[in-house]
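Please consider the following report, which describes selected features of a protein model. The sequence and the structure are displayed below.

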Amino acid sequence: KMKGVKKILIGSGIRYDLLLNFPELLEEIMLYHAGRYLRIAPEHTEDSVLKLMGKPGFETFVSFVRLFNSINVKLKRKVELSPYLMTGHPGETWDDVVSMKAKLKHLGVKTTDAQVFTPSPGTLSTAMYYAERSCDYDHVPVVKDLKELMKRKEYIVN
C-alpha cells in the first residue's frame with residue numbers, strides 16, 4: 001500500500017517449512033508475488049544429509065509440495081517450483097544422489113538447478129568437510145574430487 005509501489009515479486013527462495021503453517025500466505029504469494037517460478041531451498045532429500053545441514057527432514061518438503069500442488073491446481077496462472085539443490089555436502093554418498101533424483105522425479109519436481117558444496121569459512125559444514133566428522137564426532141564421507149562433484153551435479157540436473 002506504499003505510494004508508487006504497484007507489485008512486489010519474490011525473486012529468491014522462501015522458507016517452505018514455515019509456509020506449511022500458513023497455507024493462506026502461500027496462496028497469496030503464489031497469486032500475487034511469484035513469477036513463473038517459486039524458488040525454495042530443500043537443498044537435499046536424504047534425511048541423513050539434511051540433518052547434517054541443519055535442515056528439516058524430507059517429509060516436510062513432501063508436505064509442502066502437496067500443499068503447493070493443491071493450491072496450484074486452483075490458479076489460472078500456474079506457478080512452478082524451482083528447488084535449489086546441493087550435491088557434495090559432507091555426509092552425502094553417491095547412493096544419496098541417486099535417491100535424491102528419484103524422489104524429486106516421483107514428486108514431479110523438476111531439477112534444473114544444483115550447486116556443488118563449497119567450503120566457506122566459519123560454517124559448521126566446512127568444519128565437517130575438513131574434519132570428516134559430524135558434530136557427534138562420527139565419521140562422515142567427504143568427496144573432495146572436483147570431477148566426482150561435477151558428476152553428481154550433472155546427474156541431478158539432467
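In which sense, left-handed or right-handed, does H5 pass H7?

## Basis of the report

This is a predicted model, in which local features need pLDDT of at least 70 and side-chain atom pairs count only at pLDDT 80 or more, whereas totals for chains, interfaces and linings use all residues. Residues are numbered from 1 along each chain as its sequence is written, and side-chain values use heavy atoms, with hydrogens and water left out.

## The H5 and H7 pair

H5 passes H7 in a right-handed crossing; a crossing is right-handed if the near helix is turned clockwise from the far one by less than a right angle, and left-handed if anticlockwise. Helices are DSSP runs of H or I with at least four residues, strands are runs of E with at least two, and both are numbered from the N terminus.

The axes of H5 and helix H7 (residues 146-157) come within 9 Å and cross at roughly 15 degrees. H5 is therefore roughly parallel to H7, a term for angles under 35 degrees. Axes are lines fitted to C-alpha atoms, for helices over the stretch in contact, and angles run from 0 to 180 degrees between N-to-C directions. Contact denotes heavy atoms within 4.5 Å.

## The parallel sheet

An open sheet is formed by three strands in the order S1-S2-S3, with parallel pairing. Strands pair if DSSP finds at least two bridges between them. S1 (37-43) and S3 (114-116) are the edge strands, each pairing on one side only. Neighbouring strands are turned by 20 degrees against each other on average, direction ignored.

Five bridges join S1 to strand S2 (residues 80-87) in the parallel sense. Tyr37 stands opposite Glu80 in S2.

## The nonpolar core

The largest nonpolar core has 38 residues, and Leu26, Met30, Leu38, Phe61 and Phe64 have the most contacts inside it. Such a core is a set of buried Ala, Val, Leu, Ile, Met, Phe, Trp, Tyr and Cys residues joined through side-chain atoms within 4.5 Å. H4 gives the most to this core, with eight residues.

Phe64 is found in helix H4 and is buried, with a relative accessible area of 0%; buried means under 20%. Leaving aside neighbours within four places in sequence, Phe64 is in contact with Tyr16, Leu19, Leu20, Leu26, Leu38, Ile40 and Leu81.

Note on methods: Buried means under 20% relative accessible area, exposed over 50%, partly exposed in between (1.4 Å probe, protein chains only). Angles under 35 degrees count as roughly parallel, over 145 as roughly antiparallel, 65 to 115 as roughly perpendicular and the rest as oblique.
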